[in-house]
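The tour goes from one selection to the next.

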Amino acid sequence: MEETPHRRRAHTRSSDLARYAGLFAARTGVMRSSAMRDLMAVTARPEVISLAGGLPDTSTFPAATFAAQMTRIAQESTAEALQYGPTEGFAETVDCIIEVMGAEGMLPDPDDVIVTTGGQQAIDLICKTLVDPGDVVVCEAPTYPGAVPVFCSYQAETIQIDCDEDGMRIEDLEAVLARLDGEGRRPKFVYSVPSFQNPAGVTMSLERRRRLVELARRRELLVVEDNPYGLLRFGGEPLPPLYQLDGGDFVIYVGTFSKILSPGIRLGWAVAPPPVMEKIVLGKQASDLCTSTLTQHFVREYFSERRWQEYIADLIGIYRGRRDTMVAALREHFPAEATWTEPEGGLFIWATLPEYIDTSDLLAKALREDVAFVPGQAAYVDESRGRSSMRLNFSGVGDEEIREGVRRIGRVIAEQVDLYKALTVAKGPEGSPGTPGREAEDVPVDEGAVLPFRKKESTG
Amino acid sequence: MKVAVLKGGRSLERGVSLRSGARVEDALERLGHETVAIDAGGDLVRRLAAAQPEIAFVAMHGLGGEDGTVQELLEILGIPFTGPPVAACARCIDKVLAKHELRGAGVPTPDWFAFNETAFRELGAGDALGGLEQRLGFPLVVKPSRGGSALGVKFAADRSEVPEALVSAFSYDSRVLLERFVEGREVAVSVLGGEALPVVEAIPGGGDRYDFEARYEIGRTDFVCPAELGEGEAAAVTGAALGAYEALGCAGFSRVDLILADDGPQVLEVNAIPGLTDTSLLPQAAEAAGMTFEQLVDRILDLALSAASAVP
């Protein structure tokens, strides 16, 4: 690669930097670089076992199917597959989307659907449509790390509501809304990943779903339901999406083919009430005119074989096994003080360590052992939170790597726990300026990481 | 001339190093040199042997590339290289060693105490902390001894924050130092071939002054070059920086980071191979001295070649 002749741009002088800096939009001042970018650059080394990604398993997708479908598209739909398409997406793609949503009991009007470049663009377009600088957006704590930069880039004031094992704490949400009422403000929307949440792995209980939808109706408050993982349930009973409970009046729905088929095809969607959708379509036109027609053709072909649900069933089998492997490895290798979620679906486990361990620093240590995870702070707008938590992915790597990866992380944690105890248990002679105040035995857990320490409140 | 540009590697500053390296390659090509870019990995020796470069430009930061490891290898292979020699790299990367050298040479540096992890784990060094805290006062700064960036550097505002800060710092190195916090202006002096370039002052845009990201992000920290210093201040800062450069045996180029306190400058650390990215301080200082980036790279090559020819 290095040997390839190429021409680089003229180098930037500091005077150029100053000139560019003067041109930057105000929003770039609050754009966050992806958390711990330089540390994460190291995680890409091939020898690193990465439990950091959010990658679905694509290794079991049948190669012959993929080849046959792409060939058929190339031969039979050449001109159309290479051409622009409608901004809203092809009707055939929307039919596939209706089918996917139907599998979770939702019945959207096809006119309310827009095909987007991944679910990520749907989040971006929703913000573009609704958020002015300074507007309030409410989301979960922790929240999807990829949503944080979107909210920041639209200069939203983001308020995070703690989750527990039943998802977003609706009482806390009500308290925040009441406080905002007092200031004469209201959020533009509440963003939630109710099922197998990224990063926490928790699922909002049915009671809380009902309360959230009821609250949205009562207050005429928009809820953005991001549901990439709903069909990837490998335990417990399915729960109705917020969209189904609400009927689509106050819930804007975000879906994606990334986790049930392929993230590489970059196909997602949004479902919104007509007035909102009208603006989203205008926003999409400005952003990229239309979603890839080539991959929309692929989805159409793929769904025409009627085996998409079988493939999901296969994935569920794989992921269930990997979750079990990870949970067993956590029990074996993580210290007694650590806690973690045990998701019934999705891709992630959220583990929380004693509060004196900063998982960003721990990552540096872990990388020396060739293993990586996502430090919890990436899931918070206020980067001082989530410092002792981590997101672990179990979908993207095999069982053996999961076991070995967790074993290595457990070892570096154990070293830090031992060290902290050695630092705090030490007792100087009476009256000496001696010892730091805290005893290792009564280390409080990080208040920022409500998960999974606070038990659900009796009211649900 | 055929120049191997060594970049990347396994250190935590890999990302910065890749950007430094790319920019150096670009400048070398503009200067008419033939470049071979090598991301330093397991095949480094094989690739150097295959490329047969006349000189290596080391654009690596952090452990492995800035600590003398790669330099030692290049010496063995008989390939001249840019930047400080092995011993200077080894001294600069180890803040504790560097501070001993500085103090020995009479270069001002903040008071400190250093600990090995073993001291806490096995020798009950925790019992000694209280006394040290009293002598250094609060807030104090806890740093890993080795590591070129601000990763793992923590402030402890009071006693209760010390153990946590130590655990963080020990994530990066088995030796850490507790350092007296010195209030003052944050300045950096890049030294090129034994001569100080104009002083750069870093003015943080709010938040944590030891914010790792801020060092590499445009617009997060304001850099003023040349720094607005009085004549006496500038001379004191430059003098301390040159003293540090010499005390540690640097050659070619390096960057000295200091705090300019009311009672004069204090050297915090010397970066043997400072960043050469778009936002790095050495290129900014060179530019303030009237040098383009190409001229800077050309001069660094010349210094390395003349140093190599001076060696018997």
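A residue counts as buried if 20 or more other C-beta atoms lie within 10 Å of its own. Keep in mind that this is a predicted model.

**Stop 1: a helix residue.** Select residues 118-130 of chain A, which form helix α6. Ala122(A) has its place in this helix. Is Ala122(A) buried or exposed? Ala122(A) has 27 other C-beta atoms within 10 Å, so it is buried.

Now show what surrounds Ala122(A). Apart from neighbours within four places in sequence, its contacts are Thr116(A), Val254(A), Gly268(A), Trp269(A) and Ala270(A). Take Ala270(A) from that list: 148 residues separate Ala122(A) and Ala270(A) in sequence, yet their C-alpha atoms are 5.7 Å apart in space.

**Stop 2: a sheet.** Stay in chain A and find the open sheet of four strands, in the order β10-β11-β14-β13. The pairing is antiparallel. Select 339-340 for β10 and 374-375 for β13: these chain A strands stand at the edges. Each has a single partner strand, so one side of each has no neighbour in the sheet.

Next select β11 (residues 348-352) and β14 (residues 389-393) of chain A, an antiparallel pair with five bridges. Within this pair, Thr352(A) stands opposite Ser389(A) of β14(A).

**Stop 3: confidence.** Colour chain B by pLDDT. Its mean pLDDT is 90, and 94% of its residues reach 70 or more. Residues 209-218 of chain B fall below 50, although this stretch has 22 contacts in the model beyond near neighbours in sequence. Where pLDDT is low, predicted coordinates should not be read in detail. For the complex, the predictor gives an ipTM of 0.82 and a pTM of 0.85.

Technical notes. Residues numbered from 1 in each chain as written. Chains lettered and ligands numbered in written order. Predicted model: local features only at pLDDT ≥ 70, side-chain atom pairs only at ≥ 80, totals over all residues. pLDDT = per-residue confidence, 0-100. Contact = placed C-beta atoms within 7 Å. Pairing = 2+ DSSP bridges. Helix = DSSP H or I, 4+ residues; strand = E, 2+ residues; numbered from the N terminus. Buried ≥ 20, exposed ≤ 12 C-beta atoms within 10 Å, placed from the backbone.
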